[in-house]
Amino acid sequence: MSSSKFKLIPTAITMAAVAVVFTGVVLKHTTSSSGSGIMLAEFTSKDEQAKFLPINPENETLRSPKLTKIYERESSHKRLLKGPETPIVDPDTGILYVLTEEANLVSLTDVQPMQKPQSSTAKASRVSAKATLIADLGIGRPLGAAFAKDKDNKTIIYVADTLAGLLRVSNLNSNNDGPDATSTTRPTSNKPKVELVASSFQETNGINGQTTTTTSRRILYANDVDVGPITGHVYFSDASDIAPERTPVDGEGFSSWDTMTAYKRDLLRARPTGRLLRYKPETNEVDVLLDGLWFANGVAVDRNEDYVIVTETSKLREIQYNLNLNDDDDEYK
């Protein structure tokens, strides 16, 4: 990694929007705050120590009274909201989507308030929503997703799937929750199209005049994804070269992918193998922007696509990679 291409930068958080999903409940929180304790740090050289913003112990913006719990509305069909993760909202329709442990893309609509049980002491508000199966994403474990537009300006979703790699879901809004849709399924016609767009990348070895060799490497732990608003390039993380393993079949005959144990093994091994990757739809190519990351996780691109930030979970830090889209000498342009 070239020190001129990346750095960790202190930032003041003025608006926080947080969505957390676990055990079948979506928690949504939006607040204005400063000094929230969300930290970035700055590196100007390899020897300089990171400087972090202090955590504000008086920040109570994420306490339960400000949360809304969204439950899947009961129906006669199979429960869909199992192990939900990464809620995303369609910027055109306002529909909330989540990825699930069963590798499904599910929409949550028709949100209605729920009566709080008299015996309940919970302060968070409760609502229910109709869960609709939008697309079966395959046999993997999707972890990250981001909306984008295709060349015809139609809405698509890119999905980071631990097993498969990078997926693309198109034809999203055809008859979505239309008159023919049930509470859990979509019409058989005009269903979304799920494509595997990247499962590997080319790794180049050899510098300073040495012989250059190129090796194809599999994406073993695709983790999070974001899309550049200027180029449409897709930036996503490959957390580790330790792939999640299949979990034992449970009492309901279900088996998933053990992403947490893979992370623990990666942490205990203490060797950085994570990467920040970029997929270019116009060429269908994947290149490596950063490697040697300590469990590459969350990814975010700024609104001008000047830089992309990737989280190193095992180092508790975030790295800013400068894209320099207007720099003709930038090798990653």
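A charge sits over a ring if NZ of Lys or CZ of Arg is within 6 Å of the ring centre and within 35 degrees of the ring normal. Select K315 and W294 to see such a case: K315 lies over the face of W294, at 5.0 Å from the ring centre.

This is a predicted model, in which local features need pLDDT of at least 70 and side-chain atom pairs count only at pLDDT 80 or more, while totals for chains, interfaces and linings use all residues. Residues are numbered from 1 along each chain as its sequence is written, and side-chain values use heavy atoms, with hydrogens and water left out.

Colour the chain next by pLDDT, the predictor's confidence in each residue, from 0 to 100. The mean for the protein chain is 78, and 68% of its residues reach 70 or more. Over residues 9-50 the pLDDT is below 50, and beyond near neighbours in sequence this stretch has 98 contacts in the model, a contact being heavy atoms within 4.5 Å.

Rings of Phe, Tyr and Trp (its six-membered ring) pair if their centres lie within 6.5 Å, and planes under 30 degrees apart count as stacked, over 60 as edge-to-face and the rest as tilted. Y221 and F295 are edge-to-face, 5.3 Å centre to centre with 80° between the planes. Y221 lies in the loop between β14 (213-218) and β15, and F295 in the loop between β20 and β21 (296-301), so the pair ties together parts that are 74 residues apart in sequence. Both Y221 and F295 are buried (under 20% relative accessible area, 1.4 Å probe, protein chains only).

Move on to the open sheet with the strand order β15-β16-β19-β20 and antiparallel pairing; strands are DSSP runs (E, at least two residues) numbered from the N terminus, and two of them pair if DSSP finds at least two bridges between them. β15 (222-227) and β20 (285-293) stand at the edges with a single partner strand each, so one side of each is left without a neighbour in the sheet. Strand β19 (residues 274-280) pairs with β20 over six bridges, and Y279 stands opposite V286 in β20.

Finish at the open sheet of four strands in the order β9-β10-β11-β12, also paired antiparallel. Five bridges join β11 (residues 165-170) to β12, where A198 is the bridge partner of L166.

Conventions: Buried < 20%, exposed > 50% of the residue type's maximum accessible area, 1.4 Å probe, protein only.
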